[in-house]
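These are my notebook entries on a model that I examined residue by residue.

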Amino acid sequence: MNEFEEQLKQTLSRKQPAIGFAEKVLARTHPRNHSWKWALVAGLAACLAAVGVYETYRYQQGQFAKEQVMLALRITADKTHVAQQKVDQLNHRSFLP
Amino acid sequence: MSAKQFAVVLFSLAICPGQDLIQSFDWAKLAPKASETVEVNLDGFLLKMARSFLSDSKPDEAQAKKLIGGLKSIKVRSIKFNNEGDYNMADVDKLRMAVSGSEWSKVVEVKNSGSKASNVGVYIKNNGSKTEGIVILAAEPKELTIVQVVGSIDPEQLRALGDAGIIPKVGNVLPVKPKSDKKD
């Protein structure tokens, strides 16, 4: 066996892996922990949902308030009209012979 | 001053313009006899919300928006009854007393006695040339309505809404401010 063969044998000979090598390999084979990303996505989704619910509530409240204003104005006008009619009736009566 | 007059003055003072005339009335006792009830409670927050939802581009909504611009609250109670005499006219008189103070102007008050007694009044609270509130009290044989508007309201704007057909015509009951007042 010449010197070259001796070097080749040494190079290709079985060697003990470094301490912790097996754990490192195993750690890399497991899927990475993405839980924080999912938490972020879930948080954003919850925020969007909350904004959506609030905006819907605000819209409904605004529409309700608008309808109530128009209803109140209609009743105000209606009852003022009743008062006007009563006054007109009295005026008409007072002009009758 | 008689005891009755003194009581009227005390009651009038108790219901200050900022206080709630509608809240002072016991509506619960009328509820069992009511066939239809309308209740509107719009405070500052809801009026602000309504203003933001009334469109400037639609003429009717723009007018309503302008009208409610200076208001602090609008409250309405309207109850329809199945039968005549389901409510006591004495209760209405108590409400009327509350708006008989010196700061209130009685614009119209029509009382009909008899079997079909009715009682309609429009009262305005003025502070100088500024209208600070309107109370409308309409006690008809089968219907009792109270409207309480607190805040600066221009009767002309209300009339304009009526003339535009957005609400029933208001008529000439509400006083029109002199032109010179508008410049203030």
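Entry 1, a serine in a strand. I located B:Ser78 in strand 2 (residues 71-81) of chain B; helices (H or I, at least four residues) and strands (E, at least two) are DSSP runs, numbered from the N terminus. This is a predicted model, in which local features need pLDDT of at least 70 and side-chain atom pairs count only at pLDDT 80 or more, while totals for chains, interfaces and linings use all residues. Residues are numbered from 1 along each chain as its sequence is written, chains are lettered from A and ligands numbered from 1 in the order in which they are written, and side-chain values use heavy atoms, with hydrogens and water left out.

Is B:Ser78 buried or exposed? I found 7% relative accessibility, so B:Ser78 counts as buried; buried means under 20% relative accessible area, exposed over 50%, and partly exposed in between (1.4 Å probe, protein chains only). I then listed the contacts (heavy atoms within 4.5 Å). Leaving aside neighbours within four places in sequence, B:Ser78 touches B:Glu36, B:Thr37, B:Val38, B:Glu143, B:Leu144 and B:Thr145. With B:Thr145 there is a side-chain to side-chain polar contact at 2.9 Å. A polar contact is a pair of N or O atoms within 3.5 Å; within protein, one must be able to donate a hydrogen and the other to accept it, and residues adjacent in sequence count only if both atoms are side-chain atoms.

I followed B:Glu143 next, and noted its salt bridge with A:Lys79, the closest N and O atoms being 3.0 Å apart. The pair joins two chains, because B:Glu143 lies in strand 6 (residues 143-151) of chain B and A:Lys79 in helix 3 (residues 35-95) of chain A. A salt bridge is a side-chain nitrogen of Lys or Arg within 4 Å of a carboxyl oxygen of Asp or Glu. Both partners are buried: B:Glu143 has a relative accessible area of 16%, and A:Lys79 one of 4%.

I also recorded a salt bridge from A:Lys79 to B:Glu140, again with closest N and O atoms 3.0 Å apart. A:Asp78, A:Lys79, B:Glu140 and B:Glu143 are linked in a network of salt bridges.

B:Glu109 pairs with B:Arg96 in a salt bridge, with 3.8 Å between the closest N and O atoms. I find B:Glu109 partly exposed at 26% and B:Arg96 buried at 11%. In a further salt bridge, the side chains of B:Glu132 and B:Lys125 meet at 2.6 Å, N to O. B:Glu132 is partly exposed, with a relative accessible area of 27%, whereas B:Lys125 is buried at 6%.

How many residues of chain A are in contact with chain B? I noted 27 residues of chain A, which meet 41 residues of chain B. Together the chains bury about 2900 Å², 78% of it on carbon and sulfur atoms; buried area is the accessible area (1.4 Å probe) that two parts lose on being put together, summed over both. On the chain A side, A:Lys66, A:Leu73 and A:Lys79 lose the most area, together 20% of what that side buries. The two chains share 3 salt bridges.

I recorded 6 helices and 6 strands in chain B. Of its 184 residues, 45% count as buried.
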